[in-house]
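Open the structure in a viewer and keep the selection tool at hand. The stops below each say what to select and what is there.

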Amino acid sequence: VSTPEGTQDILKHVSIVIPDHKLMVFTGPNGGGKTTLAKVIMGLVQPTEGRVIYNGQDVTDLSITERARLGISYRFQQPPRFKGGEVKRIEIATILARSGGLKIFDEPEAGIDLWSFARLTETFEQIHREQKDTMIIISHQERIIRMADEIVVVAGGEIARRGTTEEVLPMILADTLGGCPVLGRKEKAQK
């Protein structure tokens with residue numbers, strides 16, 4: 001991808017189709033490429049090769065503003081003079097207020113309290129039931145991951161796994177539990 005700092009090899013031959021009116025969750029280890037993939041879709045980062053197609057139209061060379069007019073929504077810059085959680089709620093509300101199109105949420109649960117998180121997930125579930133929008137949510141939260149029609153695990157700049165919640169979530173949980181040093185120490189202590 002091309003960034004203001006130059007060209008970086010972050011994503012490697014990623015090809016993905018986002019079905020209409022579905023809720024997809026991108027998850028995976030930090031630094032794996034999830035946010036970069038969302039930024040390519042939104043137009044914040046330009047791919048050095050490949051294309052971004054939205055509703056049959058090549059939007060690769062369109063600006064963020066032009067993509068937004070077509071219905072692709074992503075987080076906005078932070079308004080001044082608000083606390084972090086308030087900013088997050090304003091950004092999410094702004095995106096949710098737009099009807100139709102593709103909505104991309106990058107870790108929407110970060111920086112919000114448990115009560116706001118509960119309302120946020122209820123809102124996502126309602127939008128999903130109404131099937132008016134297509135949503136991509138980048139998250140590590142199991143509650144959000146469980147809502148997905150499809151989970152995409154992005155790791156090392158590639159799509160490592162992709163499938164339904166029933167197919168992929170057990171693998172994610174097994175990977176995370178098996179690799180946790182605290183849990184490993186607890187198991188050894190019990191033996």
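Leaving aside its neighbours within four places in sequence, with which residues is phenylalanine 124 in contact? Select phenylalanine 124: beyond those neighbours, Leu23, Leu96, Phe105, Pro108, Met135, Ile137 and Met147 are in contact with it (contact means heavy atoms within 4.5 Å). This is a predicted model, in which local features need pLDDT of at least 70 and side-chain atom pairs count only at pLDDT 80 or more, while totals for chains, interfaces and linings use all residues. Residues are numbered from 1 along each chain as its sequence is written, and side-chain values use heavy atoms, with hydrogens and water left out.

Next, show the largest nonpolar core, which has 21 residues. A nonpolar core is a set of buried Ala, Val, Leu, Ile, Met, Phe, Trp, Tyr and Cys residues joined through side-chain atoms within 4.5 Å; buried means under 20% relative accessible area, exposed over 50%, and partly exposed in between, with a 1.4 Å probe and protein chains only. Leu23, Val25, Phe105, Phe124, Ile137 and Ile151 have the most contacts inside this core. The largest share of the core, 4 residues, comes from α4 (helices, H or I, of at least four residues and strands, E, of at least two are DSSP runs, numbered from the N terminus). Another core lies apart from it, with 20 residues, among them Leu11, Met24, Leu37 and Val52.

Now select lysine 22, in the loop between β2 (6-7) and β3. Lysine 22 is partly exposed, its relative accessible area being 32%. Leaving aside neighbours within four places in sequence, lysine 22 is in contact with His128, Asp133, Thr134, Met135 and Asp149.

Turn to the strands. An open sheet of 6 strands runs in the order β6-β7-β8-β3-β9-β10, with mixed pairing (two strands pair if DSSP finds at least two bridges between them). β6 (72-73) and β10 (158-163) are at the edges; each has a single partner strand, so one side of each has no neighbour in the sheet. Select β6 with β7 (residues 102-106): the two pair in the parallel sense over 2 bridges. Serine 73 stands opposite lysine 103 in β7.
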